[in-house]
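The following exercises concern the architecture of a single protein model.

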Amino acid sequence: MAEISLIDVHAHLEDVEDLSQVLQEARSAKVKAVIAVGFDKASNRKILKIAESNRNYVYPAIGYHPWGIREEEVAENLSFIRDYLNECIALGEVGLDYKVKVKKELQWRVLETILDLALIHDKPVILHCRFSHSRTFNMVRERGIKKAVFHWYSGPIDLLEEILAAGYLISATPALRYSPPHQAAIKLAPLERILLETDTPVVYQGKESRPRDVLISLEEVARLKGLNPNVIAEQTTLNASRFFQIPFNSFPGL
Ligand SMILES: [Zn+2]
């Protein structure tokens, strides 16, 4: 393969052991940048530290994942995001998940506040949705959010058409190897609206993922689109660099 550059736009790096070795392996796999996404206050704190010690390679996004929402911790989590958002390139991971036992009303309230912060600070939003795609999309669109990525999109295809028409992006994971709804979404979305990611350390087919596995996402998108992986790499990296405003010239080796 010719010289390519990849960006893993979604990794939970604070959950990875031997991080320096893992990042070294990612560099060898042509991964030129990793977006570390936050889960809650404790995780956000770790991510900011990881990004600080891996400047121009790990870029931080802080968030409040619906799985981590606890009524009594909402205020401190939101105020942490408010205080540190300007040090981040995006807000995430945030969203709605109707499979978890967190009241919908509480999830909506948290997401509304977070979307307001995204507007005030002009940051892109990294969205998680499960059985909640349509509500999430409506909230994001009605609030006038300009930049959002529906991470690992596996929702309804007719809704995806609306999401794309509204100008939003979706991201591709190694689950493309086996997930028909995810494959259908990636087939439909134009290449200009696709980002690559791993959701590290999610386990795919029995194996814990790492940022270097963004190569799997790349291969699978290439297979589904019937295009050369170099073409996919070039376009998706350009998409990520525009979406997160990561300047190409900050990549070592470019
Ligand atoms: Zn995630």
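**Exercise 1. Determine the strand order of the open sheet and the sense of its pairing.**

Step 1. The open sheet has eight strands in the order 1-2-3-4-5-6-7-8, and their pairing is parallel. Strands here are DSSP runs of E with at least two residues, helices are runs of H or I with at least four residues, and both are numbered from the N terminus. Two strands pair if DSSP finds at least two bridges between them.

Step 2. Strand 1 (6-11) and strand 8 (194-196) each have a single partner strand and stand at the edges, so one side of each lacks a neighbour in the sheet.

Step 3. From one strand to the next, the twist averages 30°.

Step 4. The model is predicted: local features need pLDDT of at least 70 and side-chain atom pairs count only at pLDDT 80 or more, while totals for chains, interfaces and linings use all residues. Residues are numbered from 1 along each chain as its sequence is written, and side-chain values use heavy atoms, with hydrogens and water left out.

**Exercise 2. State how many bridges join strand 2 to strand 3, and identify the bridge partner of Ile35.**

Step 1. Strands of a sheet pair through backbone hydrogen bonds, in either a parallel or an antiparallel arrangement.

Step 2. Strand 2 and strand 3 run parallel and are joined by four bridges. Ile35 has Tyr59 in strand 3 as its bridge partner.

Step 3. Strand 2 also pairs with strand 1 in the parallel sense, over four bridges; there, Asp8 stands opposite Val34 of strand 2.

Step 4. Further along the order, three bridges join strand 5 (residues 125-130) to strand 6 (residues 148-150), which run parallel, and Val125 stands opposite Ala148 in strand 6. Strand 6 and strand 7 pair in the parallel sense over two bridges, with Ile170 in strand 7 as the bridge partner of Phe150.

**Exercise 3. Decide whether the residues of strand 3 are buried or exposed on its two sides.**

Step 1. A residue is buried under 20% relative accessible area, exposed over 50%, and partly exposed in between (1.4 Å probe, protein chains only).

Step 2. Val58, Pro60 and Ile62 point one way from strand 3, Tyr59 and Ala61 point the other way, and all are buried.

Step 3. Because five of the five residues of strand 3 are buried, the strand is largely enclosed by the rest of the structure.

Step 4. Strand 2 is likewise mostly covered, with seven of its seven residues buried. In strand 7, Leu169 and Ser171 on one side and Ile170 and Ala172 on the other are all buried.

Step 5. Lys103, by contrast, lies in the loop between strand 4 (90-97) and helix 4 (104-121). Its relative accessibility is 56%, so Lys103 counts as exposed.

**Exercise 4. Identify the buried residues of helix 1 and of helix 3, and explain why each set lies on the same side of its helix.**

Step 1. In helix 1 (residues 19-28), the buried residues are Leu19, Val22, Leu23 and Ala26. They lie on the same side of helix 1 because they cover an arc of only 95° around the axis. The arc is that of the directions from the helix axis to the C-beta atoms.

Step 2. Ser20 and Ser28, on the other side of helix 1, are exposed. The cover over the buried residues includes strand 2 (31-37), helix 2 (41-53) and strand 3 (58-62), where contact means heavy atoms within 4.5 Å.

Step 3. In helix 3, Val74, Asn77, Leu78, Phe80 and Ile81 are buried. Their arc is only 155° around the axis, which puts them on the same side of helix 3.

Step 4. Ala75 and Asp83 are exposed on the other side of helix 3. Helix 2, strand 3, strand 4 and helix 4 are among the elements covering its buried residues.

**Exercise 5. Describe how helix 2 and helix 3 pack.**

Step 1. Helix 2 and helix 3 (residues 74-84) pack at an angle of about 20°, and their axes are 9 Å apart. Axes are lines fitted to C-alpha atoms, for helices over the stretch in contact, and angles run from 0 to 180 degrees between N-to-C directions.

Step 2. The two helices, helix 2 and helix 3, are therefore roughly parallel to each other; angles under 35 degrees count as roughly parallel, over 145 as roughly antiparallel, 65 to 115 as roughly perpendicular and the rest as oblique.

Step 3. Lys41, Asn44, Arg45 and Leu48 in helix 2 meet Glu76, Asn77, Phe80, Ile81 and Tyr84 in helix 3.
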